[in-house]
Amino acid sequence: MVFLSNATNFVSYFSSSMHYPSAQAANMVTNFMGTSFLLTVVGGFISDSFFTRCKTFLLSASIELLGLIMLTIQANNARFRPPMGKTPSHSQAAILYVGLYAMATGVGGIKSSLQAHGADQLDHSNKRLISSFFNWYFFSLCTGGLISCTIMVWVEENKGWQWSFSISVAALSLAILIFSSGFPIYRIRLPSGSPFTRIFKVKLHYHGYLELENFIGTKSIHSRVVYFDCVKIKNCRNTQPYSHCIFVQNCLKFVKRIKKKKNIHVGRFLNKALIDDTISLTQVQETKTFLGLLPIFASTIMMNCCLAQLQTFSVHQGVIMNRKITQNFELPPPSLSIFPLLFMLLSIPLYEHLVVKLVKNVSPRKNSIFPPLKRIGLGLALASGSMAFAAMVEVKRRNYVVKDNVSLSIFWLGFQFLLLGVSDMLTLGGMLEFFYSEAPQSMRSMCTALAWCSTSMGYFISSVLVTVTNSVSRRAGNEWLGGNDLNHNRLDLFYTVLCVLNFLNLLNYMYWAKRY
């Protein structure tokens, strides 16, 4: 709630209170969101390597709280904000950015450690239990999102940002106290050292193997099935310098180790790193798992680029559309998120209590009718469809304004909010479960952080796409997203580009998902 209540409407705060231009405000939001999610990798690395996940959460929440306090002070004191019609001074901008990115740092640590710490409390042999935990974890996220897009947005629009920040400070302080109350019953997983060090070590010795391969010859070490001609190796001992004999001796040891490991897939190239006695099979398997997750992670980035539009251009669209519900009440644009959030809040209990029981009755061996990889694929398909629909709605909105001078109802934006919300539920929920389930125990925080890191990369790419689109369209004579007036921009064409890119990305994902 604390994160989303601010992030979803920050574009309004940057424009109305800090007086930044709309395009710059949009990029500030995407950069803030991107940094928050990118830092989940740092948080995951820290909790896997140095601190426990429990301590990482508490440290991160405290940093976020400090950032919120700075933003609260700025919102309550007019001296720290620019006068009407002027952009912030250097000192005012410094307070804003320090508060923002302290908050982003805290969010990164929280998102990387909290869900992994929660899943650590469960029996990992029960996959259905792990899946159920992540479903209810996502339910909690949606509950916070529902509060943020209704109550908190109303506070921001009607009472002011100083009240929103103050409530956020109180809520996060309460959250820290609630979490701390569980210390006596938590199951704490101790950190096992840097996973990146182990991955680097495996890669280093794999390259050492390639050097050996070049020395002995590719006929003796087949590219697919690792096989050594021991007679040739023994002959090499008498004819080659001592420096090469070390490689030869390690080679013979490697043959013995391969014979003992019945469960190893010797066709995988990283197994060649086992030529060194200091490399364990566990380290090789860790490296394989992490590298195998990267194509899936990369294939979800474009979906999050679409998601970034809900906090930026969709808000700008909503501001100039007809928002009246009754004569005295107007719907704030960020509150459109209520439609997908309500859908998700209803669908998760329905899935847990009805669908799962039905599956157990029909096929007791099945843990899920909708495994994570299929969920992610459906989410990516919905993202492409949502951008196609968003482009059509924007064309309709512009035509109403230009031809009839009538504002289209804001509820037309509800469809793209719904499609993208469901897409986010399927993709993010699927990634959290998939990455946690597939990851080795020593890398679970870092691997689940990949789900949030994908969101980060999507927001950064959104900023890049806006800049590139403006640059290219400016050279063509008509800048698509340049002005503050959306009625003279071509947001529909930008949405069309996102639709095409997401469709191509879906094909790319299908290729990697089948190969996993």
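Colleague: What should I know about the model and numbering first?
Modeller: Residues are numbered from 1 along each chain as its sequence is written, and side-chain values use heavy atoms, with hydrogens and water left out. The model is predicted, so local features need pLDDT of at least 70 and side-chain atom pairs count only at pLDDT 80 or more, while totals for chains, interfaces and linings use all residues.

Colleague: Which residues form the nonpolar patch on the surface?
Modeller: W154, I325, F329, F339, F343, F411 and L418, with about 610 Å² of accessible area together. Accessible areas are Shrake-Rupley values with a 1.4 Å probe; for residues, only the protein chains shown count as cover. Nonpolar side chains (Val, Leu, Ile, Met, Phe, Trp, Tyr) are joined within 5 Å, like charges within 9 Å.

Colleague: Where is W154?
Modeller: In helix 6, residues 127-158. Helices are DSSP runs of H or I, at least four residues; strands are E, at least two; both are numbered from the N terminus.

Colleague: Switching to R323. Where is that one?
Modeller: In the loop between helix 13 (313-319) and strand 1 (324-326). R323 is buried, at 17% relative accessible area.

Definitions and conventions:
Patches are made of residues with over 30% relative accessible area and no salt bridge: like charges are joined within 9 Å, nonpolar side chains (Val, Leu, Ile, Met, Phe, Trp, Tyr) within 5 Å. A salt bridge is a side-chain nitrogen of Lys or Arg within 4 Å of a carboxyl oxygen of Asp or Glu. Buried means under 20% relative accessible area, exposed over 50%, partly exposed in between (1.4 Å probe, protein chains only).
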